[in-house]
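Hello,

The structure we spoke of is below. My notes on it follow; please read them with the chains open.

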There are 2 protein chains.
Amino acid sequence: MQIGSQFLVNIQPVGKRIEVPAEVSLLESARLAGVELVSLCGGLGICDSCKVRLIKGKLTKHTLEEHAIFSPAELAAGYRLACQAYPLSDVTIDVPVESLTAPQRLQIEGQGVVVTPDSLLKSIDLELQPPTLQDLRADTTRLSDAMRLNSEFIYSDQPYSFAHSVLENISDRLRLEDWSVRVVYRGGEIIVLLPIASQMLGLAADIGTTKLAIYLVDLETGQTLASTGEMNPQISYGEDVLSRISYANQHVRGRYTLHDRLMSTLNKLTADLCAQIGANYEQIVDAVLVGNTAMHHLAANLPVRQLGEAPYVPAVSEEMNVPAGQIGLMIAPGANTHFPPNIAGFVGADHVAMLLASETIYRAESGQVNYPVIALDIGTNTEISLIFTDRKSGRVRVLSCSAASGPAFEGAHIHDGMRAAPGAIERVQIDTGGIRLHTIGNRPPVGICGSGILDAVAQMLDNGILNHRGALRTGHPQVRQGSRGRGELLLAPATSTGHGNEIVVTREDVHEIQLAKAAIRAGIEVLLAEAGISAVDLATANGVSFIVAGAFGTYIHLPSAIRIGMFPTLPLERFAQIGNAAGIGARQMLLSEKRRQYAGQIANQIEYIELANHAGFNRLFMQALFFQ
Amino acid sequence: MQIGSQFLVNIQPVGKRIEVPAEVSLLESARLAGVELVSLCGGLGICDSCKVRLIKGKLTKHTLEEHAIFSPAELAAGYRLACQAYPLSDVTIDVPVESLTAPQRLQIEGQGVVVTPDSLLKSIDLELQPPTLQDLRADTTRLSDAMRLNSEFIYSDQPYSFAHSVLENISDRLRLEDWSVRVVYRGGEIIVLLPIASQMLGLAADIGTTKLAIYLVDLETGQTLASTGEMNPQISYGEDVLSRISYANQHVRGRYTLHDRLMSTLNKLTADLCAQIGANYEQIVDAVLVGNTAMHHLAANLPVRQLGEAPYVPAVSEEMNVPAGQIGLMIAPGANTHFPPNIAGFVGADHVAMLLASETIYRAESGQVNYPVIALDIGTNTEISLIFTDRKSGRVRVLSCSAASGPAFEGAHIHDGMRAAPGAIERVQIDTGGIRLHTIGNRPPVGICGSGILDAVAQMLDNGILNHRGALRTGHPQVRQGSRGRGELLLAPATSTGHGNEIVVTREDVHEIQLAKAAIRAGIEVLLAEAGISAVDLATANGVSFIVAGAFGTYIHLPSAIRIGMFPTLPLERFAQIGNAAGIGARQMLLSEKRRQYAGQIANQIEYIELANHAGFNRLFMQALFFQ
């Protein structure tokens, strides 16, 4: 290979071409061409999520990693890991559907945002007298004087201060608008000048590791005017939080790349929403971003290295208000971006927002609820809180922890796993007559998503296909011989699928689900044990005692979650699946200063339990690995 | 000319080469090559300051502007205006010395900075306990808690807030410094983390239209550790304030270009000063910038269009604190840059700083001085203040105005004018025996600077060479026939000069000086008239009643300034030439919060008189045009 060579990489079936230096991997080439490949392990070569097939041309030799992942037949067929292969000539590669970060089902709507707007932001329409030789006041003095004469809310005798972004164009703006402007201010600070009578908007975003949900809200009426969702573009740099942190640490300016990618997607979505309702981005005068601690740090441009190293502490846990311009968020540059408080390295502001929106703490403190309540949000990390009244003190306490449930429910590390996109199997029913499947969009199946694999495992248990350790009973009529001598279940024969390949459930798949469900269940049990509460107290409650938030939590089949032991055995009416409560909480904080203060109170109230440091966790985890 | 052609421009005697598209003028080509040409008119083609000579190659045809400026002989010799000529082939051009913005004499030192440091910035050295599984506080919480336990000055029970730039690297910084840091804070905000025991520095800069003076100061001792001066790099975009504003208005992002050029020179000088004393730029935790209103706006990245259009109002007159990062100043990014208040479109913060440092107002108010005092700073605009005790109210009043004295004293619009660089004639003595000259650096003369032309005119008056209208008496033995039939004075014959050309004083030169001195004198007279004071009150004072600040003011020969009528006729002991008082005032404000507050008081106290709007100004100006 000559140093300095450039090769053309032709990416099919997408049809993109890009010329890259020989030192650029296929994964990076695809990224540069705007084709986002899944990269679960962050380019370490230890998963097959970025697999591609060489159609034409010459690549570097197979690496040890590729020999470990692909069978000789697959290698012969041209399969490669895009993160391991570099062009030695012009090449054409084929990207299988499952390697693309495809558009997919996202939940952006939950329950309504019931809150009375009480934003600190005010606006006033002013008509100023232009300067004359007799009245040579500076533009800021003129505006500040008029504010003090006209605004209902007199801040003080002090002149108003101005966001520097307002100063940067105040003179041109005032003259362009012929000295009539809407002034948007927060306390004594003027943050943007708009045309007379412009609507004031706010932006709320829930930044998930996998998914983004964003909302455009009318700050005066509280109405959500538009909303949208999209995959988190950082997925191409690693599927879970730890692989992203690892990317940030191992690449020059890696952290900034992750920040920039996130912001440019947020900005694109914001621009789309503005276009939908005919608004200008400068009308967005406030924003609230929630996410887990790593997403919070990457969004706020904070360091993340320490989040990936024991003892995993955040740079910042207090709430922050960051000028939008400072983090590259394209809203009124003088606007603040509010980041609600984090709890710990793996319990972030999104969990605070969920607790806020679900009202569990308020209901306990006001006496509306007199029994303990579990509230959790399932993701690659599952944040769990237990809200209960302490017998000794009589006070309401909140214990929280984070369970490392892993990305199995996002379809990762599952033989035929995929995210909840069209063609994903989301429901499975097995009986002696056979297997019935339901897919998203009723398409021919191409893989299985989190709720589907959950169902499948529960049904395999009900039909005696699995033993309590999670092994497939090889004697069972529906179990066939799989790889390495282990049993596997054929869910969909090749003839029935969208891509012409079989879809199976393997012993390894079941094991991944065991790890995930055991982590969640052990977390629940640690909190109950810490509080001296048993699952019976949850079961005998006279109302909802188990709240499941988040998109995945909404789609799971509760009886299956109970059957596999992920959740304790409670009557179904004790459960509530409340959807994207974090997004609701974010919008509440956007609209209301009181809600922001209350979120601060919640964060202060939470007692964080570090599972890695908890004496009983390992035993509870080992117990929870088994099936009943 | 083909669209898209590229030509090589070879710039001599500097020896720089640059390839440029055909659409780029020679002026712009020189700039791109890093060769800064003077451009007094901002590229409008109405002055000859950017003149160059074509040595080889082909340029576009002479423009009408060039025909107006050059004689047919000069055109034949290849002289061109760099702003008007574009290459039609590879070219070689010669840049005469006078077209280069040469290094020159700058005054950066004045009287001492006598002020007791009382900065709002404090620092404390902390040794933190690193996080453990038993102590998972976020990095900011850990630091904030330690601050509250250790700092002498307890701000409040609230957690400390952090500049976002501190947050951006707090985790890495704490770990790199092994949890021992010097924390620099202002009130409840932490603005930078430094290695233990780092010295805290401040930056003061006086941003003149022509010259920059910058100082690095120890914030604890008040000592000026290093200082330097350089030409304002914006000179290449227009010599005076109005041509810069015109450049800003007529070019895409012109205002940002001027801002960026200024900042990059300030940053280079700051880096040089840091290197001199072995400091890191992050140790500079505070800054004060002063300048006239246009320089203030360009430095702070504020709009300037309205400064160039009647009625010439500033965007901002109040004092401002702008995060350094926001204006691209390379000091600790969490540091504030303090901009003291402006008075009006043409009386800026530099005048406030000068009044502060000169103590004139304080002396009047404390009764140390019981007579009126004039204080002025001569530049392309000359700011003049009159401090006096009002007879009716018994209170001290300050009247200020700005006189459009023009750039003649910088050597512009003078036939053989130049700035105060080596080879400039700075003293002239004429008697019947002949003419004696003194040049800067005792070099053979190459032109005449402001103090030289002032002397020349005064001496021409004393020797009867000029009449009271400013015309050269053509019958006088030392006067020869000049161009257009007018008399001119030969100051230096070609054989005596550094460039082999004659140096002369023309009728037009005298006229320029008449315009400049009349503007200043009329400004003084307007203020005196407004206050009901006569020059006799200044003359009979029992101390200094006429303060001349600034670099140029320091070098002028006072008897000459009186002789030509620029200053009123006062005993010489009434005058004080105090040097760069604005730079001293800036350093005082850097060191002391009390001085900042006092500067704010001064700004509020000043009554601005707009000369353009003053009934008596035109008459006084016409009177002042004549000589006595």
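Leaving out residues up to four places away in sequence, His415(A) touches Val504(A), Thr506(A) and Asp509(A), where contact means heavy atoms within 4.5 Å. His415(A) sits in the loop between β18 (396-403) and β19 (424-431) of chain A; helices (H or I, at least four residues) and strands (E, at least two) are DSSP runs, numbered from the N terminus. With a relative accessible area of 53%, His415(A) is exposed (buried is under 20%, exposed over 50%, partly exposed in between, with a 1.4 Å probe and protein chains only). Its side chain makes a polar contact with the side chain of Asp416(A) at 3.3 Å; a polar contact is a pair of N or O atoms within 3.5 Å, one within protein able to donate a hydrogen and the other to accept it, and residues adjacent in sequence count only if both atoms are side-chain atoms.

This is a predicted model, in which local features need pLDDT of at least 70 and side-chain atom pairs count only at pLDDT 80 or more, while totals for chains, interfaces and linings use all residues. Residues are numbered from 1 along each chain as its sequence is written, chains are lettered from A and ligands numbered from 1 in the order in which they are written, and side-chain values use heavy atoms, with hydrogens and water left out.

Next, a helix in chain A. Seven of the ten residues of α7 (241-250) are buried, among them Arg244(A), Ile245(A) and Tyr247(A). The buried residues of α7(A) pack against α1 (26-32), α8 (254-277) and α9 (293-299) of chain A. At the start of α7(A), a side-chain oxygen of Asp240(A) comes to within 3.3 Å of the backbone nitrogen of Leu242(A).

Some backbone points:

- The peptide bond joining Ala310(A) and Pro311(A) is cis, with omega about 0°; Pro311(A) lies in the loop between α9 and β14 (320-323) of chain A.
- In chain B, the bond from Ala310(B) to Pro311(B) is cis, with omega near 0°.
- Glu359(B), not a glycine, has a positive phi near 65°. It lies in the loop between α10 (349-358) and α11 (360-365) of chain B and is partly exposed, at 22% relative accessible area.
- Asn442(B), also not a glycine, has a positive phi of about 50°. Asn442(B) is in the loop between β20 (434-439) and β21 (447-448) of chain B and is exposed, at 63%.

Regards
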